Number of protein chains: 2
Amino acid sequence: MNQSLKQIHEYIDEHLEEHVERIKEFVRIPSIAAENPEGVRRCAQKLANYFEELGCKKVEIVETAGQPVVYAHYDAQARNTLLVYLMYDVKQVSGEKWTLTDDPFDPKLVELPPFKKVLVGRGAINSKGPLVAFLNALFSIKACGEELPVNLKFVAEGEEELGSAHLKDFIKHRIEELKDAQACFSPSASQNIKGEVTLSLGCKGVVEFELECSGESWGRGPTVRPIHSSMAAAVESPIWRMIHALASMTDPRDPMKVVIEGFYDNVAPPTKEDLELVEKLAQTYDEKAIAEELGVKHFYNDLKGKELLLKMLYSTTLNIQGIQAGYTGPLFKTVLPEKIVVKMESRLVPNQTTTETVEKIRKHLDKLGYTDIKINEYPEANGVDDWSRTSPKAGIVQAVIEAYREYGFEPRVWPFSLGSSPQAIFTKDPLKLPFVSAGLSHGARAHAPDEYYVIEGNEKVKGLAHAEKFFVSLLYKLGERALR
Amino acid sequence: MNQSLKQIHEYIDEHLEEHVERIKEFVRIPSIAAENPEGVRRCAQKLANYFEELGCKKVEIVETAGQPVVYAHYDAQARNTLLVYLMYDVKQVSGEKWTLTDDPFDPKLVELPPFKKVLVGRGAINSKGPLVAFLNALFSIKACGEELPVNLKFVAEGEEELGSAHLKDFIKHRIEELKDAQACFSPSASQNIKGEVTLSLGCKGVVEFELECSGESWGRGPTVRPIHSSMAAAVESPIWRMIHALASMTDPRDPMKVVIEGFYDNVAPPTKEDLELVEKLAQTYDEKAIAEELGVKHFYNDLKGKELLLKMLYSTTLNIQGIQAGYTGPLFKTVLPEKIVVKMESRLVPNQTTTETVEKIRKHLDKLGYTDIKINEYPEANGVDDWSRTSPKAGIVQAVIEAYREYGFEPRVWPFSLGSSPQAIFTKDPLKLPFVSAGLSHGARAHAPDEYYVIEGNEKVKGLAHAEKFFVSLLYKLGERALR
């Protein structure tokens, strides 16, 4: 370890209390995107203050059609420029029963075995804790009289929890300022409760839509409201119509198989690179533990190990999130309903497009004569839609893996995660950057009561000091090599 | 008109205000079967008091496993004994917005065009108005010094609105006391808003049940709670399973056709008697008006007149009342649900049994391998289940038709109604009585705000005085002939 790195690490250890206080200060601001625009704005201002304090030469709170983006540029006169993606908003808390703090916005430090000290509060892990830990790392470098090893362009959005609906627009409008970035990084806490580190080089996309069958658009059955079911002998049912329309989309003997024409056309098989990653992943993948955690007794076809991972990763899906029709209260009500709404979702994998699923379903319905069945799309809920891939060979990926190894961790590298995130905004047109999210430490219960971020861990799970030191080490690595 | 009948009619006209007051007094008691056992009991006591006042030699409030039955025997030493079926409970009012009275249990007399005076209140038409009108008729006969022309055995239940779950038990326990009755009569107000009189000689049955598919009973898919839908690529869905199970039950090209084996086996074609009734009905049946009222643009196969009536009457059904599964709130939630519940119903026609539908569905599901899909039955909701038929040739039917004609009305006679009622309790084992519900006047909005019963009608719709006079005339006819 070189002298300045050692000095920075010492600085972090000495100022840890102060650093925890900065996280608490940030968590205290109730930046609930869905409910509290004032809190969101206050949080944006606080973040802008941090950037100014850091020495960013340009700090802006940029208005969008939704919540503002905080943009900041730190010019270190360095060789590389890193785009840093952050989110400063949090999920709602109403209806949640917190037990480790009276108020989710009054963060508390508590012992939570197996951890000596965790910070409990809304946003602790998702994602104010890791965000401030990253800033603490930057402050520490500067406090030791060093210049940052990379130039940074921060893009912090205030509506990730609403689907990042306006982030694409922001990028498009600011492309001239952002286009010199060589990679995109997002700070996180990637250890699970056992200390294992996961690194995902992308994500799946997701398209959500409703199917709606109603007497009104069909022209048959009840059109305005449910009618008495004594008429069901002579009046048709939009519910039965929808049941058959749905049933036509998947194989009755195996409903995991979608039989809509061309549904799988653009699903790419795993690449050789991917297969290598999956082989390696399978060596440590514990499907029994995952199944138990989920409350699932059998995976599809009782697949295991590599085969299960391949199925999970390289499958597009057609999932029914929910169905609402007619009377659903206690016992019964003799009605023939006028409408049924089915909430559906498809997970997108390389090389599917974000529009093809809905187009194929429309075509399928029309072909079978279900031209009246409506597909309702809600663009405001679909900011996060596209899949994303970053090559394992990208410089930033190699730097992250090296940094993890330096701290004693061999990351489990997934070609992409099963979930979805807005990273395609950075990895596809117009930026086309490699994207990595990484960090030590652990947190859990995002979107749930008693959300926490580990401050003092144990032998396996690192606490805040190590999380910040990791970010420092990583930044130095990112200054030394090509990032793409 | 004989002298005593004339005298009774005059008595009714002279005491109408008092008679209206008796209805109001009865409506004021909040006998909500589902919510107010105290109100139900108070109403039972009031009814018992009326029976005592009338001169019944035996009046009992009989406990059941549910709400009490009020039983009373009036012995007129007459040739015929009539069982009178009454209900004294009413439907809930919560959530309803009444405009014609501040309180559904503070009945008001108001003008409601095209009617000069209607009584507004919960139970006004269903069925406290007609019930008290019938009692008023009996009181009037006695007040004029006449003996009642028939012996009466009153059976008044307090949980019709809960499905008459304990009425069968009562009949079974009291069969010795009831078996000398020759027919069963239920007072009602059978005129529609245009004054037309309908007479239904029976009803359809109804069987209600839930189908439930869950990961828990299937052993696949999420078993405990919804899981994140990113797992849908490798975890099966109970929702899709249910969609295919449902789709297997009806013809996709015509979901009105049930394809469950033997589903239609016991559906009897119309008898010659029935066909004659339907022919006659078709002459006045206005399907356009009915469709408009229902908000339905097309009946099944665009059927009209006699064909439509035959389809409505002689079809059993498999209706979906409602479906509940997963997330049904605003926009979307990325879940793979663990359970789906479908509320279903089948209307029974002669000669179906009350148990065959569920048995056939069970067999159908099992045959296709859906042994895990549960059929939930709720016996407490299925007191009214069987279909009922009364021959148009029964003495009581002929008497009712004659009485209507005497008052200038040619009733539209339906072989049975499309809806369901507890009348099979009287028309099948062990009583096997002909059953008729009849009465002049009109009312509407049962189970809805501003429920009303016409007190002063117009040229076509009779008011309370005529309703009572009709009951008097009918009672005399029922004393003169064989009722079976």
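User: What do the axes and angles of helices refer to in this predicted model?

Analyst: Axes are lines fitted to C-alpha atoms, for helices over the stretch in contact, and angles run from 0 to 180 degrees between N-to-C directions. Two packed helices are described by the angle between their axes and the distance between the axes. In this predicted model, helix α4 (residues 124–143) of chain B and helix α15 (residues 464–480) of chain B have axes that come within 8 Å and cross at roughly 65 degrees. Their crossing is right-handed.

User: Which residues of α4(B) and α15(B) meet?

Analyst: From α4(B), Ala133(B), Phe134(B), Asn136(B), Ala137(B), Ser140(B) and Ile141(B) meet Leu464(B), Ala467(B), Glu468(B), Phe471(B) and Val472(B) of α15(B). This contact comprises eight nonpolar, two polar and one charged residue.

User: How is α2(B) placed relative to α4(B)?

Analyst: The axes of helix α2 (residues 16–27) of chain B and α4(B) come within 9 Å, crossing at roughly 135 degrees. Therefore α2(B) is oblique to α4(B). The crossing of α2(B) and α4(B) is right-handed. On the α2(B) side, His19(B), Arg22(B), Ile23(B), Phe26(B) and Val27(B) meet residues of α4(B) including Lys128(B), Val132(B) and Asn136(B). The contact of α2(B) with α4(B) divides into five nonpolar, three polar and two charged residues.

User: What is the order of the strands in the open sheet of chain B?

Analyst: Four strands form this open sheet in the order β4-β5-β22-β21, with antiparallel pairing. At the edges stand β4 (108–112) and β21 (443–444) of chain B, each pairing on one side only. Strand β5 (residues 115–120) of chain B runs antiparallel to β4(B) and is joined to β4(B) by four bridges. Val110(B) stands opposite Val118(B) in β5(B).

How values were computed. Residues are numbered from 1 along each chain as its sequence is written. Chains are lettered from A and ligands numbered from 1 in the order in which they are written. This is a predicted model: local features need pLDDT of at least 70, side-chain atom pairs count only at pLDDT 80 or more; totals for chains, interfaces and linings use all residues. Helices (H or I, at least four residues) and strands (E, at least two) are DSSP runs, numbered from the N terminus. A crossing is left-handed if the near helix is turned anticlockwise from the far one by less than a right angle, and right-handed if clockwise. Two residues are in contact if their C-beta atoms, placed from the backbone, lie within 7 Å. Ala, Val, Leu, Ile, Met, Phe, Trp, Tyr, Cys and Pro count as nonpolar, Asp, Glu, Lys and Arg as charged, and the others, Gly among them, as polar. Two strands pair if DSSP finds at least two bridges between them. Angles under 35 degrees count as roughly parallel, over 145 as roughly antiparallel, 65 to 115 as roughly perpendicular and the rest as oblique.
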